[in-house]
Amino acid sequence: MKIHEYQAKEMFAGYNISVPPGEVAFTTQEALDVARKLETYPVVLKAQIHAGGRGKGGGVNLAYSESEVQSLADAMLGMNLVTPQTGAQGRKVNKILVEKAMDIKEELYLAVMQDRTTAKTVIMASRAGGVDIEKIAEETPEKIIKVWIDPLLGIQPYHFRQIAFALDLPAETRKVSGFIINRIYDLYVAYDCSLVEINPLILSKEDQLFCMDAKINFDENGLYRHKEILSYFDPQEEDPLEIEASKYGLNYIRLDGNVGNMVNGAGLAMATMDLIKKAGASPANFLDVGGGASKEMVENGFRIILSDGKVECVLINIFGGILRCDVLAEGVVQAARKIGLSVPVVVRMEGTNVQKGRQILRDSGLDLINVKDLQEAAQRVVQLVD
Ligand code: ADP
Ligand code: MG
């Protein structure tokens with residue numbers, strides 16, 4: 001689960017990690033109130049969306065006066081912000097963080113995350129922090145240092161010394177950096193995070209460190225242990241179809257292509273998407289109805305797939321085990337009758353009660369394309385969207 005920068009900074013502040021003074025605003029009036037409270041200019045107005053690259057997309061702006069706060073807040077609230085990370089469709093800005101503009105001497109990078117290859121926690125740090133970190137990672141990866149931490153032993157003082165020296169921080173700042181790294185690591189562990197990233201962590205003109213950006217992702221499997229985090233969930237940032245799907249216990253993720261697909265089992269879903277790709281088309285979603293799906297789940301899944309305007313064709317690929325083919329067929333027929341078939345639907349199923357299932361599809365009188373072989377089904381789909 002992702003949260004906003006202002007929420008992450010709230011958590012940092014609770015951990016005594018320095019962040020620039022500031023507050024979130026949902027309206028222009030609130031933005032003006034925050035600016036007044038800060039009693040300083042310039043201030044920075046930062047769009048709060050669950051995507052980075054805001055600086056490059058026009059989502060981080062300096063205001064030098066009250067009237068500039070007003071005009072910028074007016075322009076930013078409600079705007080559609082496109083950044084290198086939002087995709088071309090962009091994200092609507094519903095809130096902005098108004099904070100003190102800091103005097104920056106240097107922009108550093110600091111992140112804690114999982115390294116699956118070593119099964120350890122890795123801290124990444126760089127002196128070349130800021131909006132071009134992706135380019136640095138690609139072109140001069142040696143500028144990013146990595147320190148691995150055994151999760152069973154936890155972080156040790158030598159770890160943050162390694163980082164502080166590699167960052168070549170001024171002697172006085174080194175101690176503070178150790179404190180910050182330690183606290184960030186503690187927060188990362190305590191909340192079952194999958195990522196805590198600070199880019200930039202700035203060194204101010206007075207050689208003080210501040211977290212100027214803050215990103216925290218939580219491992220959803222650990223959320224039940226942190227009920228207080230759930231209040232940070234922002235449905236406005238989620239795909240409405242994904243939220244709808246989760247209400248029915250469906251595992252649905254929207255993708256960019258135009259072939260909707262409904263599959264049972266995550267492994268089969270991945271394999272089906274691979275085959276669609278290999279045949280020359282592109283999946284519009286991942287949808288795993290689960291092993292023991294009911295007729296209603298199939299119906300809801302089908303409805304959700306069809307509500308995505310990009311879908312030009314649907315491929316249903318089911319291996320009937322616990323979910324029997326006749327139950328699937330009934331679900332599909334029921335859904336198709338209710339919603340109406342706006343696009344061609346190819347059904348490939350095998351397994352328990354397959355003959356019965358095929359019979360149900362045939363008897364329905366609906367225009368469902370029954371295919372026995374998966375490869376053939378994928379090829380059929382490609383012809384249909386071409
Ligand atoms: P993003 O990573 O989404 O682009 P950041 O919060 O990192 O957003 O902001 C982008 C850049 O804007 C920073 O690298 C920094 O140069 C500048 N910036 C952000 N917040 C402040 C601030 N409070 N004071 C001064 N400059 C800021
Ligand atoms: Mg940033």
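Student: How far does a backbone N or O atom of Asn199 lie from an oxygen atom of ligand 1?
Tutor: The pair is a polar contact (two N or O atoms within 3.5 Å; within protein, one must be able to donate a hydrogen and the other to accept it, and residues adjacent in sequence count only if both atoms are side-chain atoms). On the protein side, the atom belongs to the backbone of Asn199, and its distance from the ligand 1 oxygen is 3.0 Å.

Student: What pLDDT do local features need in this predicted model?
Tutor: Residues are numbered from 1 along each chain as its sequence is written, chains are lettered from A and ligands numbered from 1 in the order in which they are written, and side-chain values use heavy atoms, with hydrogens and water left out. This is a predicted model, where totals for chains, interfaces and linings use all residues, side-chain atom pairs count only at pLDDT 80 or more, and local features need pLDDT of at least 70.

Student: How much of the accessible area of ligand 1 does the protein cover?
Tutor: Side chains also reach ligand 1: a polar atom of Lys46 is 2.6 Å from one of its oxygen atoms, and a polar side-chain atom of Glu107 lies 2.5 Å from an oxygen atom of ligand 1. On its own, ligand 1 has 540 Å² of accessible area, of which the protein covers 87%.

Student: How many residues surround ligand 1?
Tutor: A residue is near a molecule if one of its heavy atoms lies within 4 Å of it. The closest to ligand 1 are Lys46, Arg54, Gly55, Glu99 and Glu107, and the residues that surround it number 18.

Student: How many residues of the shell around ligand 1 are charged?
Tutor: Ala, Val, Leu, Ile, Met, Phe, Trp, Tyr, Cys and Pro count as nonpolar, Asp, Glu, Lys and Arg as charged, and the others, Gly among them, as polar. Eight shell residues are nonpolar and four are polar, while the charged ones number six.

Student: Which domains each give at least three residues to the shell around ligand 1?
Tutor: Helices (H or I, at least four residues) and strands (E, at least two) are DSSP runs numbered from the N terminus. Elements that each supply at least two shell residues include β2 (43-47), β6 (96-100) and β7 (104-115). Domain bounds come from an automatic or database assignment, and the two that each give at least three residues are domain 1 (1-20 + 103-237) and domain 2 (21-101).

Student: Which residues coordinate the magnesium ion, ligand 2?
Tutor: Donors are N, O and S atoms within 2.8 Å of the metal (3.2 Å for Na, K and Ca), and water is not among the atoms, so sites may look incomplete. At 2.1 to 2.2 Å, the donors to the magnesium ion come from Asn199 (O) and Asp213 (OD). Since one lies in strand β10 and the other in the loop between β11 (209-211) and β12 (215-218), parts 14 residues apart in sequence are tied together by Asn199 and Asp213.

Student: Is Asn199 buried or exposed?
Tutor: Buried means under 20% relative accessible area, exposed over 50%, and partly exposed in between (1.4 Å probe, protein chains only). The peptide bond that runs from Asn199 to Pro200 is cis, with omega near 10 degrees. The relative accessibility of Asn199 is 13%, so this residue counts as buried.

Student: How many of the ten residues of helix α1 are buried?
Tutor: Among the buried residues of α1 are Tyr6, Met11 and Phe12. The helix, residues 5-14, is mostly covered, and its buried residues number seven.

Student: Is Asn16 buried or exposed?
Tutor: Asn16 lies in the loop between α1 and β1 (22-25). Its phi is near 60 degrees, a positive value in a residue other than glycine. With a relative accessibility of 56%, Asn16 counts as exposed.

Student: Is Asp192 buried or exposed?
Tutor: Asp192 also has a positive phi, near 50 degrees. It sits in the loop between α7 (171-190) and β10. Its relative accessibility is 17%, so Asp192 counts as buried.

Student: Which residue has its backbone oxygen 2.8 Å from a polar side-chain atom of Asn264?
Tutor: Asn264 is in the loop between β14 (259-263) and α9 (266-279). It is buried, at a relative accessible area of 10%. The backbone oxygen 2.8 Å from its side chain belongs to Phe319.

Note on methods: Accessible areas come from the Shrake-Rupley method with a 1.4 Å probe; for residues, only the protein chains shown count as cover.
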